[in-house]
Amino acid sequence: MTKKHVLTYILLAIACGASYPYGREILIQQEPSGYITISNFTLNYLLLFVLAGAISPWLSSKLSLLKRFKKSTASGIVMLTLVSTLLIILTLVGLEMRWS
Amino acid sequence: MQAPRKYIALAVGLLAFGYYTLLSAKQWTWIAVSSDSGDWLMCSNWWVVPQPVGSPLYISLAHLIGFFTDGNATVLAITILLSCLPSAITIMLVYLIVLKLTDKLWCAVASSSVLLGAGMFLMQSTILEEYASTVCFVTLAFYFYINGKRKLTALALGLGTAIHALVVPIALMWFVFAIREGRWRLWSKPLLTYIIAGLLPYSLILILMYLDTPRLLAGGLTLQSMNEYFLGTGRAIIGTLSIFEVPNRLLAVAEILLMSLGLAWIALWYGFKKPYNTAKLMLVSTIVFMLWMHVTNMDPFTWTFLCFALPSATIICGLGLSQLRLKHTYVVSAGALVLVLINSVFLNANVLAQERPYATVYQQELMSLSDGSAIVMTAGAWSLGLFYVMSEHPEKNLIPIVFPYGALDDFPDYGVYMRKKFGLSGSNTLELTQDALDKGIDVYYAGRSSKQWRIQETFLFGESNMTTLRPITGLSGVPLETILHTEGNAR
């Protein structure tokens, strides 16, 4: 066990102790409290963009037609096309009812 | 397996069972997000469609237990048999799985200790809820998988699915990973086993929809009510967390994971490292899916789904420990045992249920009302609690006016049920309440006096000494539309 490990264990013990009272309150709650923000801009959309952004460079490198463009431009186009298509599909099948 | 190791597995299971049983709530409670318990208890008395999306195996088991027990004995029996016991089996399975994968006794003991010390897992193991049983079957499926028992893997996944539909995506991922290895033919028959054990039981829900059961949580067997029942809730909450709520949600996730896993993070870090075989992919995919499920879900209480990921996380922790020196195993085990002790004081469901007895106070106050009283309440803990009392004491003829049932077009059968069963007419909560008042029925509002529940603004209230119920004397004149279409309104 290295010194780095020992230090990390000490920090983990402190983090565990510090988060315990707050975590406990969450775990023992009985019913919903507070307001819920409802928005069309959800974390899921952001994750979809991140996912599309992550795979688009790889995808664009596979498309020979896009070789003439700079990779960044191609990535952007691929990413936007992917996300837009996905959103349209989700809307069409009724999985995302609030998107308009 | 060597005989002493088998006995240790048994000892781990028995120890966990004793620990969970000791700390379990001994009365009906809503703590640890167990407000659905009213629903399951109703199902122990009545054959009725439960909350979406059905849980056919769980309600069947609850009904079986309800056949032999009554009142608080049912609460206790369901809690111990369907929460404490499955969780203890899960702890034992984690021990056996890590032992099988690493062949290191101390790593197996440390991993099961980490799960035993996880506060999040503890809270779902000591109250009346369906997650402990579901997680047990998923872990059992993984145990069978690593032992090469394909049909039993599919059967266990199927039984888990028959309790909670969220096992479907897990099962799909697992099947895809297994089939990726080029063994499609080997998995075709187990797939059939899965469909029979996991999906076929949901026909019970369709049968209950078809039959003349109380229309409390679902309508009859029509396409509209099936669409609303099976997809409505998921559509409303899954993946719909507003980006503005993300910082708070991430902070909450960090808090409950840090306090639950204690010193196991270094081992987890090593466990997550490559190489990845099919078994490890199954574990990681389960964790990632459940994290996504909770982090993007609008319902802040979906941390309960993270319990699905905890056995996988502790198995990965065991894999990580097997790569580290034995000292790490001792440190992680010691940390877990400290958490086991601390949790027994601060996360003791038995004590917490007595300190915060909203469910039982509500039950007692409902029982003190005159027969035939009507209760207006929001859908959730209070409505499910009332349904339970209605099923336990049908002779009291309590009338449930649930908001927003009837105010929306997605549950028309509720209006028909109210008219036929209780003789009340109205197209929304206010009209039903007014009709009850006009007929001279005593009408009460159930729920705490909180500004969150804006439906209260539509009523005038009389004086009352009760904690959970307030008599409604009339309508205040505030239109229902302003409540229904207000952002942030909880209903």
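A residue is called buried under 20% relative accessible area, exposed over 50%, and partly exposed in between (1.4 Å probe, protein chains only). By this definition B:K396 is buried, with a relative accessible area of 7%.

The structure is a predicted model, in which local features need pLDDT of at least 70, side-chain atom pairs count only at pLDDT 80 or more, and totals for chains, interfaces and linings use all residues. Residues are numbered from 1 along each chain as its sequence is written, chains are lettered from A and ligands numbered from 1 in written order, and side-chain values use heavy atoms, without hydrogens and water.

Confidence was examined through pLDDT, the predictor's confidence in each residue, from 0 to 100. Chain B has a mean pLDDT of 92, and 97% of its residues reach 70 or more. In residues 487-491 of chain B the pLDDT is below 50. Beyond near neighbours in sequence, that stretch has 16 contacts (heavy atoms within 4.5 Å) in the model. For the complex, the predictor gives an ipTM of 0.90 and a pTM of 0.89.

Helices (H or I, at least four residues) and strands (E, at least two) are DSSP runs, numbered from the N terminus. Helix α10 of chain B spans residues 184-199. Its buried residues are B:W187, B:P190, B:Y194, B:A197 and B:G198. They pack against α7 (131-146), α8 (150-163) and α9 (167-180) of chain B.

A nonpolar core is a set of buried Ala, Val, Leu, Ile, Met, Phe, Trp, Tyr and Cys residues joined through side-chain atoms within 4.5 Å. The largest such core holds 106 residues. B:Y20, B:M120, B:F121, B:M123, B:F142 and B:W303 touch the most other members. Leaving aside residues up to four places away in sequence, B:Y20 touches residues including B:C84, B:I91, B:L115 and B:F121. A second, separate core has 71 residues, among them B:M42, B:A359, B:A374 and B:V443.

A salt bridge places a side-chain nitrogen of Lys or Arg within 4 Å of a carboxyl oxygen of Asp or Glu. One joins B:D371 and B:K396 at 3.1 Å, N to O. The partners lie 25 residues apart, B:D371 in the loop between α19 (358-368) and β1 (374-378) of chain B and B:K396 in the loop between α20 (381-392) and β2 (399-403) of chain B. B:D371 is exposed at 54% relative accessibility, whereas B:K396 is buried. B:E228 pairs with B:R235, with the closest N and O atoms 3.7 Å apart. B:E228 is partly exposed at 26%, and B:R235 is partly exposed at 22%.
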